[in-house]
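Hello,

Here is the structure I promised to hand over. Please open it first, then read my notes below.

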Amino acid sequence: MKYNLLGSSGLKVSELGFGAGTFGGKGPLFSAWGQTEQIEANQMVASCIDAGINFFDSADAYSEGESEKMLGIALAPYRQDVIISTKVGIRKDPQVNQVGFSRDYLIRAVEQSLKRLNTDYIDVLQLHQFDSFTCLEQLMKSLDALVRSGKVRYIGASNFSGWQLMKAQSIADRYGYEKMVAHQVYYSLIGRDYEWELMPLNHDQHIGAVVWSPLGWGRLTGKFDREHPIPTQSRLHATAQFAPPVNDQYLYDVIDILKELSLSTGYSVAQIALKWLLTRPTVSTVLIGARNQQQLQDNLIAKDVILTETQLQRLNQISAVYPPYPYYPYWNGQFSERYQALVESSFIQN
């Protein structure tokens, strides 16, 4: 297992991390993700440890807190050797103040996550989404206080836009508060929007990307192609409202190349898609979320996949998309190859 720095934290995290969103199976969304029970969760975590994974991620909203509880139990024998990341901020309670990042909510949310995870501290606390109703100065001060209290070691964000993340960093810099070291983002071969603004920002601010849904919301598992479209009974349809949209023609073009590479290398479509992400600039760890041991073992092979520069370039080209203004000039015409070369050479690989 390769280990990368998590932004400027000094922490070294495994290039593959484990996402525990499949643990618990409570509620319409998370039951579609997975319904892993405690015994299998323990076995999967142990397999991750054996493979060298040291980064485990959850959220208080996953399966009504059940994911955190199960992860805490499974990680108990290994607590001093692992990095626990969890997220807070998505509404899971009808009470009016049980959402967002007011100081009142944030402190209580952290206390509750600590209890569910059965730990004295959270290694990496991430804000699950941006809260436009809480003053960022207050939020960054509250996060700084949590770090100083010892209940949280490092802070990060999830699904922030570039200006939101940069404003938070600027406030922290101005007042001497703790700064973000991680940003959990959607990034995949069929979802490359991360590259336009957030990748350069993460590089500039020394923030490590924690990648969620690296297989494009299950579209890059190898089960689907032109001849075998996503069936109507697939769990993807049950969660479609939350999935980033993908044009069918674009999806199948990418899958065609993945299948060609699968035939020539002997690796699965999913393993190749994961490996591509492991080569990308600013990526600290890629979260694999498996529903069972078989899926987990298959995904773990991704760390051992070897792809040539030519094969990586084919994936880059087939999955490339034309970005919106103001980013498109750098991909346009004669600037395209020059900018891509600049990206590949200047971004610091952990």
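Arg226 and Asp253 pair through their side chains in a salt bridge, at 2.6 Å from N to O. This is a predicted model. Arg226 sits in the loop between β9 (208-212) and α8 (235-238), and Asp253 sits in helix α9 (residues 248-265), so the bridge ties together parts 27 residues apart in sequence. Arg226 is partly exposed, at 34% relative accessibility. Asp253 is also partly exposed, with a relative accessible area of 26%.

Why can such pairs form? Side chains of opposite charge can pair when their charged atoms come close. The model has 13 salt bridges in total.

Next, a pair that involves helix α4. Arg116 and Glu68 form a salt bridge through their side chains, again given from N to O, at 2.6 Å. Arg116 belongs to helix α4 and Glu68 to helix α3 (residues 66-75), so this pair joins parts that are 48 residues apart in sequence. Are these two residues buried or exposed? Arg116 is buried, at 17% relative accessible area. Glu68 is buried too, at 0%.

Now look at α4 itself. The helix covers residues 103-117, which makes 15 residues. From first C-alpha to last, α4 reaches 21 Å, close to the 21 Å expected at 1.5 Å a residue. Its buried residues are Tyr105, Leu106, Ala109, Val110, Ser113, Leu114, Arg116 and Leu117. They span an arc of only 165° around the axis, so they lie on the same side of α4.

Lys179 bridges to Asp173, with the closest N and O atoms 3.9 Å apart. Lys179 is partly exposed, at 31% relative accessible area, while Asp173 counts as exposed at 54%. Separately, Arg192, Glu195 and Arg280 are linked in a salt-bridge network.

On the surface, check the tyrosines. Tyr322, Tyr325 and Tyr328 make up a nonpolar patch, with about 390 Å² of accessible area together. Tyr325 lies in the loop between α12 (309-319) and α13 (335-346). Tyr325 counts as exposed, at 65% relative accessibility.

Last, the cysteines. How many disulfides does the structure hold? It holds zero. Cys48 is buried, with 0% relative accessible area. Cys135 is partly exposed, at 42% relative accessibility.

Over to you.

Best wishes

Notes: Residues are numbered from 1 along each chain as its sequence is written. This is a predicted model: local features need pLDDT of at least 70, side-chain atom pairs count only at pLDDT 80 or more; totals for chains, interfaces and linings use all residues. Side-chain values use heavy atoms; hydrogens and water are left out. A disulfide is a pair of cysteine sulfur atoms within 2.5 Å. Buried means under 20% relative accessible area, exposed over 50%, partly exposed in between (1.4 Å probe, protein chains only). Patches are made of residues with over 30% relative accessible area and no salt bridge: like charges are joined within 9 Å, nonpolar side chains (Val, Leu, Ile, Met, Phe, Trp, Tyr) within 5 Å. Accessible areas come from the Shrake-Rupley method with a 1.4 Å probe; for residues, only the protein chains shown count as cover. A salt bridge is a side-chain nitrogen of Lys or Arg within 4 Å of a carboxyl oxygen of Asp or Glu. Helices (H or I, at least four residues) and strands (E, at least two) are DSSP runs, numbered from the N terminus. The expected span of a helix is 1.5 Å times one less than its number of residues. The arc is that of the directions from the helix axis to the C-beta atoms.
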